[in-house]
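User: Hello! I am new to this structure and would like to learn how to read its features. Could you walk me through it?

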Amino acid sequence: MSLTLGHGAIASADSNLVDVPSGQKIQFTEVLVDDALGETWIRFRFLAPQIGRNAGDIGYDVSAPDMDHLCEAFALPYLARHGLDAVRVVISLSDEKIEFGVSDPAVTQFFEAYRPEDARCIWEEF
């Protein structure tokens, strides 16, 4: 079961753009709360139109540190502000808007999972 949460005043009301170390343009799109076998997983979804698999696109190697940053600088404060507790936080980047759970080979998506612990995000193998 997934529950979509609104983002309220989390990002700029004009653009929802979120700063990341690489400088790429990343837009916060939604938060989903999942019950995964009795554990709460909270998924933060972002639109990152510059990512991709082609030459000139921003690849996973550049996006991975951005996802780490999004977990610690965006997701953890969001959880604290909204009184949410999660076993896992998933950060996803997509070059196009796509419905959750849908696979489209034309859309590039990067995902990372983290265990929130002691105000840090510990990378978890997905």
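**Reading the model step by step**

Analyst: Helices (H or I, at least four residues) and strands (E, at least two) are DSSP runs, numbered from the N terminus. Before going on, please note that this is a predicted model, where local features need pLDDT of at least 70, side-chain atom pairs count only at pLDDT 80 or more, and totals for chains, interfaces and linings use all residues. Residues are numbered from 1 along each chain as its sequence is written, and side-chain values use heavy atoms, with hydrogens and water left out.

User: What is the phi of Leu37, and is Leu37 buried or exposed?

Analyst: Most residues other than glycine have a negative phi. Leu37 is not a glycine, yet its phi is positive, about 55°. Buried means under 20% relative accessible area, exposed over 50%, and partly exposed in between (1.4 Å probe, protein chains only). Leu37 has 88% relative accessibility, so it counts as exposed. Asp118, in the loop between β6 and β7, also has a positive phi, about 50°. With 69% relative accessibility, Asp118 is exposed.

User: Which element has the lowest mean pLDDT, and which the highest?

Analyst: pLDDT is the predictor's confidence in each residue, from 0 to 100. The protein chain has a mean of 87, and 87% of its residues reach 70 or more. Strand β1 (residues 2–5) has the lowest mean among the elements, 46, while strand β5 (residues 88–94) has the highest, 97. Across residues 1–14 the pLDDT is below 50; this stretch has 27 contacts in the model beyond near neighbours in sequence, a contact being heavy atoms within 4.5 Å.

User: Which strands pair with β5?

Analyst: Two strands pair if DSSP finds at least two bridges between them. Strand β4 (residues 39–47) runs parallel to β5, joined by seven bridges, and Leu47 stands opposite Ser94. Between β4 and β5 the chain passes through helix α1 (residues 60–81), in a right-handed β-α-β crossover. Right-handed here means that, with the strands pointing away from the viewer, the path from the first strand over the helix to the second runs clockwise. Strand β6 (residues 109–117) pairs with β5 in the antiparallel sense over six bridges, with Phe110 of β6 opposite Leu93.

User: How many residues of β5 are buried?

Analyst: Seven of its seven residues are buried. One side holds Arg88, Val90, Ser92 and Ser94, the other Val89, Ile91 and Leu93, and both faces are covered.

User: How many disulfides are there, and which residues are joined?

Analyst: A disulfide is a pair of cysteine sulfur atoms within 2.5 Å. The count here is one: Cys71 and Cys121, with 2.0 Å from S to S. The pair links distant parts of the chain, 50 residues apart, with Cys71 in helix α1 and Cys121 in strand β7 (residues 120–124). The link is left-handed, at -85° about the S-S bond. Cys71 is buried at 0% relative accessibility, and Cys121 is buried at 11%.

User: Where does Arg45 lie, and is Arg45 buried or exposed?

Analyst: Arg45 belongs to strand β4 and is buried, with a relative accessible area of 10%. Leaving aside neighbours within four places in sequence, its contacts include Gln27, Phe28, Ser92 and Ile98. A polar atom of the Arg45 side chain lies 2.7 Å from the backbone oxygen of Ile98.

Key
Polar contact = N/O pair within 3.5 Å; in protein donor to acceptor, adjacent residues only side chain to side chain.
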